[in-house]
Amino acid sequence: MVSAAARLKAMWDAPGIVRLPGAYNGMTALQAKRAGFEACYMSGAAMSASMGLPDLGFLGKADVEFFLRQVVRASDLPAVVDADTGYGGVLNVIDAVRTFEDAGAAAIHIEDQSLPKKCGHLNDKNLIEAEEMASKIAAAVAARRELLIIARTDAAASEGLDAAIARAKLYVEAGADAIFPEALTTREMFEAFAQAIDVPLLANMTEFGRTPHMSGSEFEQLGFKMVIWPVSAFRVAAKAQENLYAHLKAHDRLDGLLDHMQTRAELYDTIRYDEFENLDKTLKKTVLTEVMRGRAGH
């Protein structure tokens, strides 16, 4: 079988930009795949938020591995995984690389913030020295078999564009396969990075952040090879759930929201219920009624 890393690398080598919608668990990865996407992105912010925690470094390696195994098993999509700062020093980075590669990741990115880290689009982030980050990247590259290593730099906001580009060049020299320049605020900044760096570049199209809204095609025109929408699926789901709980509290029933729900039949189709059911011949085949299909009332 072709590894997830090899499949993602083939996408990098092919024409066009690689579009990576955020998928923070098995279900979202399945839905992304059914929509036609060929790879996905696992955001630390989305995984943290799904646990009811802020993106401040609470998420540990074991937490991410739990979500990663879901995504890989459910969808088999090549996943780019947010590995935060690598969970510590060089030895921690090596351990994370081996853990996530064994769990099926295609790529990870490691950032040059110090702990406690913050979302890349927030203010006053603290960075480690560029040479320390370069040593982490070199260790990650030495530890991997095929896993692709993406170096993220948060330096543009605090040190300026030129310093961020200088850091990126050092990380490429250390062996990074790609660069993720975080929280760029103008098209000109994206263009400058593309002109200065000759490895694949990843753009972050997060909502409510510092980057102006652009399409995947626009990022491609600016010279980028990958674009992520890291927390979008979580934001939509969380808003829908917020509305559901408010409706239930107000009305004491939920049949008024049936049109906003995935039917039982649609859910079973998405998670391939019948395929799994067919694996065990002792199970009776489930019969989907009109109610299950959302075509009749109770």
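The following legends describe an overall view and several close-up views of a predicted protein model.

**Figure 1. Overall view of the predicted model, which holds 13 helices and eight strands.** The C-alpha trace spans about 65 × 45 × 35 Å along its principal axes. Among contacts with a separation of 6 or more, 70% join residues 24 or more positions apart. The accessible surface comes to about 14900 Å², and carbon and sulfur atoms account for 53% of this area. The protein carries 32 positive and 41 negative charges, whose mean positions lie 6 Å apart.

**Figure 2. Buried residues of helix α2, which covers residues 26–34.** Gly26, Thr28, Ala29, Leu30 and Ala32 are buried in this helix. Their cover includes the strand β1 (18–21) together with the helices α4 (61–75) and α12 (264–270).

**Figure 3. The ends of helix α2.** Asparagine 25 caps the N-terminal end, with a side-chain oxygen placed 3.3 Å from the backbone nitrogen of methionine 27. Just after the helix, glycine 36 adopts a positive phi of about 110 degrees.

**Figure 4. Methionine 51 in the loop between α3 (44–50) and α4.** This residue has a relative accessible area of 35%, so methionine 51 is classed as partly exposed. Leaving aside residues up to four places away in sequence, methionine 51 touches Leu59, Asp63 and Phe67. Isoleucine 17 is 34 residues away along the chain, and its C-alpha atom is separated from that of methionine 51 by 31 Å.

Note on methods
Residues are numbered from 1 along each chain as its sequence is written. This is a predicted model: local features need pLDDT of at least 70, side-chain atom pairs count only at pLDDT 80 or more; totals for chains, interfaces and linings use all residues. Side-chain values use heavy atoms; hydrogens and water are left out. Buried means under 20% relative accessible area, exposed over 50%, partly exposed in between (1.4 Å probe, protein chains only). Helices (H or I, at least four residues) and strands (E, at least two) are DSSP runs, numbered from the N terminus. Contact means heavy atoms within 4.5 Å. A polar contact is a pair of N or O atoms within 3.5 Å; within protein, one must be able to donate a hydrogen and the other to accept it, and residues adjacent in sequence count only if both atoms are side-chain atoms. Accessible areas come from the Shrake-Rupley method with a 1.4 Å probe; for residues, only the protein chains shown count as cover. Lys and Arg count as positive and Asp and Glu as negative; His and the chain ends are not counted. The place of a charge is taken as NZ of Lys, CZ of Arg, CG of Asp or CD of Glu.
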